[in-house]
Amino acid sequence: MSTKNWPLWEIFVRSKNGLEHRHCGSLHAADSEMALENARDVYTRRNEGVSIWVVESKHITASNPEHNGELFEPAQDKVYRHPTFYDLPDDVKHM
Amino acid sequence: MLNPFQHLIKKSYTMKNENLYNYILGIADNSLILGQRMGELCGHGPSLETDIACTNISLDLFGQVRSYFQYATKIAGDGRSEDDIAMLRQEREYKNVLLVEQPNTNFAYTLGRQFLFDIYHLAFLKELQKSTDLTLSAIANKCVKEVSYHARFSSDWIKRLGDGTDESKEKMQEAINDLWAYTDELFHQTDADKAMVAEGIGVDVTKLKDNYYREISQVLEEATLQVPGSKYFQKGGKQGIHTEHLGYILAELQYMQRAYPNMEW
Amino acid sequence: MSEEQIRSLERQFEERIARDEKIEPKDWMPEKYRQTHIRQMSQHAHSEIVGMLPEGNWITRAPSLRRKVALLAKVQDEAGHGLYLYSATETLGISRDEMYEQLHTGKAKYSSIFNYPTITWADMGAIGWLVDGAAIINQVPLCNTSYGPYARAMIRVCKEESFHQRQGFEIMMKLANGTPEQKDMAQDALNRWWWPSLMMLGPTDDVSVHTEQSMKWKLKRKSNDDLRQQFIDQTVPQADLIGLTIPDPDLKWNEERGSYDFGEIDWDEFWQVVKGHGPMNKERMKARVGAWERGEWVRDAAMAHAEKKQVRKEKQAV
């Protein structure tokens with residue numbers, strides 16, 4: 001029986017310059033170099049990427065959905081942050 | 001699939017250019033047999049991720065084979081297809097080096113074989129890029145990127161297995177020691193080689209040798225492995241005199257074409 | 001948590017799914033939802049990697065270079081799909097190694113179809129056409145399943161898999177239009193793979209367990225019998241098109257139902273294979289366990305090397 005298993009890594013791929021890296025999945029690798037190589041072989045077989053980030057999964061801190069109320073709901077009534085909050089006559093162009 | 005280098009192929013070649021034809025086969029057979037060996041592993045690798053990586057290498061190699069053989073069919077100009085050339089020659093007509101036909105004894109042998117070939121292959125392709133034959137240099141331009149990755153991948157694994165556990169070190173060292181005997185042949189020149197070098201088409205492999213052993217030694221040292229000292233080498237592949245392994249490789253590679261001749265698939 | 005609180009959470013949970021909201025890994029979920037998903041998703045992942053074996057069997061013998069690269073790429077995709085699905089399952093708190101352990105000890109199941117042997121080249125065509133065809137019917141609705149990571153993995157799988165069935169059908173078509181020998185090979189493969197493919201869509205509705213719950217969680221959108229009918233109705237005309245005969249004397253178009261009537265499926269055979277006594281069950285497991293055990297020293301070495309490198313890096317930093 002193996003003493004230690006390869007840790008899990010999260011893979012982020014930039015599909016082309018100008019776009020952000022997007023999470024596309026995860027995989028196992030012994031170290032960061034191997035994670036990059038594996039990510040290239042697993043997640044960019046069909047020309048999906050021009051750049052890869054790998055992050056060991058344990059280093060990601062995620063918000064807890066139980067706190068979603070306090071974290072995200074307060075933003076819901078701040079309608080003045082959106083352009084449609086402001087009434088302007090139709091004659092005003094380019095604004 | 002269309003040959004991406006179709007536009008570069010001159011229609012005027014005839015079989016009088018036998019040296020060029022043989023030269024191309026010499027290059028392509030290495031990729032063919034190594035690709036076949038790597039393909040054997042698909043589904044049986046040590047982890048899913050490595051399985052996918054090894055299959056990618058196999059796919060790269062077969063892609064190269066197709067480019068070379070499609071070019072060779074034009075030069076032969078006798079109506080034979082890429083598959084005829086790949087699958088319907090006799091044992092003695094395959095010109096690959098002995099190294100690439102060595103079996104997947106274990107993962108150390110698989111990666112050791114890959115590494116010892118990749119370092120040569122990359123240096124070879126970098127020279128072939130300068131070929132005066134535009135088709136060959138275009139193929140080399142594409143392949144050099146693939147093989148750069150292979151060399152990086154296999155070198156990294158040599159370091160992992162060499163400088164891993166006691167068990168892996170022992171296995172990796174054994175594989176390198178055994179495969180070492182097949183390295184010298186990479187730098188032997190055939191008659192076709194010499195003729196092609198003289199025409200500015202081919203690569204003078206004798207000039208790649210010193211740098212090859214330097215690079216190999218660097219990686220082995222970093223992997224805390226011994227560079228084998230043996231001066232006894234095996235040769236013959238380039239003349240079609242192979243190890244006993246090749247017959248079995250061909251038995252599988254050729255099976256369908258032999259059992260069901262003259263059919264479309 | 002009190003039982004009442006749990007019931008209330010469960011109610012909210014079911015309402016979210018009914019509203020087509022996705023469930024994500026850190027969300028609260030009923031234990032049964034977690035366990036059912038681990039079972040179905042890992043079984044799906046296992047099917048992908050065991051499924052590599054019957055086709056991998058023909059890589060070295062593919063009849064042309066074009067067929068060889070296509071087959072290699074396809075079998076490689078299956079490894080990729082297994083990987084996506086294992087990763088998605090890991091978000092439910094089980095490791096890939098634990099899932100392997102379940103597969104290797106026979107605790108976890110995989111699709112029974114892969115316990116049949118691939119004895120001729122035409123089997124590569126039949127698997128792509130029929131087995132992947134049946135799989136797609138099962139899989140497409142899963143792109144919209146309730147568990148986010150599973151749905152995302154399935155979207156990727158379905159996108160990549162679109163070439164698999166076409167590849168299989170093309171192989172069959174070429175054989176069916178080829179020499180008499182080739183046509184016989186194709187018909188023989190269809191004869192052998194037809195009934196196992198129908199079985200692959202699962203037991204009949206009257207004996208199928210879990211269905212109601214799975215429908216609610218969108219792990220299943222249609223019943224096994226409906227899926228089977230859909231598969232038959234779409235496949236029969238394809239066989240006609242290339243001049244092959246479906247090996248079912250009772251197969252007949254039913255004008256009234258707008259579907260094909262078909263013959264009795266040999267469910268004894270199905271259960272025999274499911275219980276581990278198909279033609280290839282033992283060989284398939286031996287191949288998987290063998291690869292895993294032969295790879296152990298490699299995986300250990302990579303970890304040992306990574307740790308050494310880490311130590312060296314830390315020393316340098318000091």
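In this predicted model, C:R96 and B:E49 are joined by a salt bridge with an N to O distance of 2.6 Å. A salt bridge here is a side-chain nitrogen of Lys or Arg within 4 Å of a carboxyl oxygen of Asp or Glu. Between chain C and chain B the count is four salt bridges.

The model is predicted, so local features need pLDDT of at least 70 and side-chain atom pairs count only at pLDDT 80 or more, while totals for chains, interfaces and linings use all residues. Residues are numbered from 1 along each chain as its sequence is written, chains are lettered from A and ligands numbered from 1 in the order in which they are written, and side-chain values use heavy atoms, with hydrogens and water left out.

**Chain C and chain B**

Chain C brings 49 residues to the contact and chain B brings 48 residues, where contact means heavy atoms within 4.5 Å. There are 17 residue pairs in polar contact between chain C and chain B, both at pLDDT 80 or more. A polar contact is a pair of N or O atoms within 3.5 Å; within protein, one must be able to donate a hydrogen and the other to accept it, and residues adjacent in sequence count only if both atoms are side-chain atoms. On the side of chain C that touches chain B, α4(C) gives the largest share, 14 residues. Helices (H or I, at least four residues) and strands (E, at least two) are DSSP runs, numbered from the N terminus.

**Chain B and chain A**

Eleven residues of chain B meet twelve residues of chain A. B:E49, B:Y149 and B:R160 supply 49% of the area that chain B buries against chain A, more than any other three residues. The count of salt bridges between chain B and chain A is two. One of them links A:D31 to B:R160, with the closest N and O atoms 3.7 Å apart. Five residue pairs are in polar contact between chain B and chain A, both at pLDDT 80 or more. Six residues of the side of chain B that touches chain A come from α5(B), the largest share.

**Buried area**

Buried area is the accessible area (1.4 Å probe) that two parts lose on being put together, summed over both.

| Chains | Buried area | Share from carbon and sulfur atoms |
|---|---|---|
| chain C and chain B | about 4100 Å² | 69% |
| chain B and chain A | about 1100 Å² | 52% |
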